[in-house]
Amino acid sequence: MFEPQFQFTRRGMLQASAAGVVASGLTANPQSASAEPGTGKAKSVLFVLTSGGLSQLDSLDPKPDAPPEIRGEFSSINTTVPGVSICEHLPHLAQQAQRWSIVRSMAHHEHNHLLATHVALTGRPTPLPRGASDLDRVQSRTDFPNIASALDFIRPRRDGIPTGVSLPNYYIEGPLTWPGQYSGFLGPKHDPWQINQDPNDPNFKVDALSLQPGTNSQRLQSRRGLLEEINRSPQLAADRTSGSFVEQQDVAFSLLTSAKVSSAFRIELETAETRDRYGRNKFGQSLLLARRLVEAGVPVVQAAMGIVQTWDTHVDNWGGLKNRLLPQLDQSLAALMDDLSASGLLDQTLVIVMGEFGRTPKVSTLPGQSVPGRDHWASVYSILAAGAGVRGGQVIGQSDTIAAYPISRSWSPADLLSTAFNALGVDDDAFLYDPLGRASPLRNGNVIEPLYSGAAT
């Protein structure tokens, strides 16, 4: 398996070549003198994922004047931003609209869940030929790395705080593991931490952060000292594969002795009132846990609002959205934004609410079903962004009269992830080598500048 050993900037590559050497460890300058808005303002990025595809027409981009077969069953309500309306089942969001930018012209070309998820989480298509079966599209070590993994590669941490944490479940359905969740060709060392438990469960506990009975911190440090002596043995020193293993040991010991990390997962320390504000359900408690991880300093947190295809509303689109999905998301997002704003963390946390695509404008009923819904649609969809310098109270981009295609400039997942990298201060020259040895820039899209400038398009 190919695993890159160096990370360069283009500028650094030229300098190294001029000197006639190629050195390891050249890193992107996170404080480069970029004129781009939002550069380096974020210490963390929180992705709130609506896996399966949230309907733009039934949430952030309603079309009240469209015919019923397009408009659907919901009405729209005014927000606190003059002239901006959203779905009636997002009342908290309507009241907090001044905090958010709505991007209504997101678009790409993949209408398949697995392919679209890889695009959404990496900004790149899966490395597979068109026409491959779903079983061929599953997660593999040839994928481009998730944003958390790429960041971990260029900025490895040694303080016991993981670069990325995903929760509360893997994106897995039967034999299919959705691509884009992991570090791909960078290797398992850079995989995000995956929490696969429901934080709303009264017995929620991350066992990997717990010491075995009878083991305290002093004994753990003693064992670490013994292990370090073993690792310095001539036999291991001659083993070229041992270095990576030793690094993983260091990370494991750091995590076990990191009070910040272990405390962050103790969601039971929150008051009953706070937990109620977020909602006593998986959505609400996942966002509460995500907030605690941001407070602990985790740079990239990915909170899934349900398992794969939770928002895949082919059947009973309006019942599912009205009775569970939208109210739970609305309540938990409101509590999250209140807490981040009150603590001052919103100034340094970029919050993005997104799915892998949207839903078809036209209502349809699947064969054998009696309750209608909407199918997959990547040609236009909507997302939310807030915090870390993003100007709230605006709409960026515009779709046509039936929310089928953009009629203004469109923005892609590559643009969105490049915006996130930019917010984290990643230099626009930073790149990785892909499995074929080709240089691949981390920021392969354009920063969505209207998020910061207020020049809504």
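**Aromatic pairs, a covered helix and an open sheet**

Reader: Is Phe 283 buried or exposed, and at what relative accessible area?
Author: The model is predicted, so local features need pLDDT of at least 70 and side-chain atom pairs count only at pLDDT 80 or more, while totals for chains, interfaces and linings use all residues. Residues are numbered from 1 along each chain as its sequence is written, and side-chain values use heavy atoms, with hydrogens and water left out. Buried means under 20% relative accessible area, exposed over 50% and partly exposed in between (1.4 Å probe, protein chains only). Phe 283 is buried, with a relative accessible area of 2%.

Reader: How many aromatic pairs are there?
Author: Rings of Phe, Tyr and Trp (its six-membered ring) pair if their centres lie within 6.5 Å; planes under 30 degrees apart count as stacked, over 60 as edge-to-face and the rest as tilted. By this rule the count of aromatic pairs is 6.

Reader: Why are Phe 283 and Trp 311 classed as they are, and what is the class?
Author: The ring centres of Phe 283 and Trp 311 are 6.1 Å apart. Their planes stand at 15 degrees, so the pair is stacked.

Reader: Where do Phe 283 and Trp 311 lie, and how many residues separate them?
Author: Helices (H or I, at least four residues) and strands (E, at least two) are DSSP runs, numbered from the N terminus. Phe 283 belongs to helix α11 (residues 282-295), and Trp 311 to the loop between β10 (300-304) and α12 (317-343). The pair thus links distant parts of the chain, and the separation is 28 residues.

Reader: What is the relative accessibility of Trp 311?
Author: Trp 311 counts as buried. Its relative accessibility is 0%.

Reader: Which ring has Arg 124 over its face?
Author: A charge sits over a ring if NZ of Lys or CZ of Arg is within 6 Å of the ring centre and within 35 degrees of the ring normal. Arg 124 lies 3.7 Å from the ring centre of Phe 144.

Reader: How many residues of helix α13 are buried?
Author: Helix α13 spans residues 413-423 and is mostly covered. The buried residues are 11 of 11.

Reader: Which are the edge strands of the open sheet of 8 strands?
Author: Two strands pair if DSSP finds at least two bridges between them. The order is β9-β6-β10-β2-β11-β14-β5-β15, with mixed pairing. Two strands pair on one side only, namely β9 (193-194) and β15 (394-396).

Reader: Which residue of β11 is the bridge partner of Leu 46?
Author: Strands β2 (residues 44-49) and β11 (residues 349-354) pair in the parallel sense over 6 bridges. In β11, the partner of Leu 46 is Val 351.
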